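I begin with the terms, then go through the pairs.

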Amino acid sequence: MILRIGVGDTFNKDPNYLNVDIRDLPNIDVVADASKLPFKDGEHDGIETRNLVEHFGRHEIKDVLKEWARVLKVGGYVDIETVDMGLTMSLWRTIPTDNLMDAALGAQTYPENFHKMLFTKDIMIDYLKEAGFEIESFDNFTEREIPRMRVKAIKI
């Protein structure tokens, strides 16, 4: 089973996935804090997150990634998408103000929707390796004129 963590209302229910979010929304299968998952050790094949990891503070992120590793089988994957703040900082003058504020601070549309952590490629890779992952792929792309990263890592 694949966990989609912090999905909000962006994905419908799917029998191949468990949608997990801190908010009790109609499409959510499991209401839980992403830093304290209610699953057994080694129970899942993968974790997919979009726009979530940056909502944990710099002193929390190591434990969050270790928690995600805990619930994954050896060889399971984590697929993380977030703002690439390294590229964002170098391009900040070209990014529309609202998009730049969302990238740096979060949309701030509900209590959990504030950014507490900034990632560059090197910072993300270092945290993942420390949590017991091996990097499989790393890609950059742009969405809403905001530089973004997507990293896939395997639990070793």
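I call a residue buried under 20% relative accessible area, exposed over 50% and partly exposed in between, using a 1.4 Å probe and protein chains only. The model is predicted, so I note that local features need pLDDT of at least 70 and side-chain atom pairs count only at pLDDT 80 or more, while totals for chains, interfaces and linings use all residues. Residues are numbered from 1 along each chain as its sequence is written, and side-chain values use heavy atoms, with hydrogens and water left out.

I took helices (H or I, at least four residues) and strands (E, at least two) as DSSP runs, numbered from the N terminus. I looked up arginine 70 and found its side chain in a salt bridge with glutamate 67 (2.9 Å, N to O), a term that asks for a side-chain nitrogen of Lys or Arg within 4 Å of a carboxyl oxygen of Asp or Glu. Both residues lie in helix 1, 3 residues apart, about one turn of the helix. Arginine 70 is partly exposed at 25% relative accessibility, whereas glutamate 67 is buried at 12%.

I then followed glutamate 81, which forms a salt bridge with arginine 50, the closest N and O atoms being 3.2 Å apart. This pair links distant parts of the chain, with glutamate 81 in strand 5 and arginine 50 in strand 4, 31 residues apart. Glutamate 81 also meets arginine 148 in a salt bridge (3.3 Å, N to O), and both of these residues are buried. I noted that Arg50, Asp79, Glu81, Arg148 and Arg150 are linked in a network of salt bridges.
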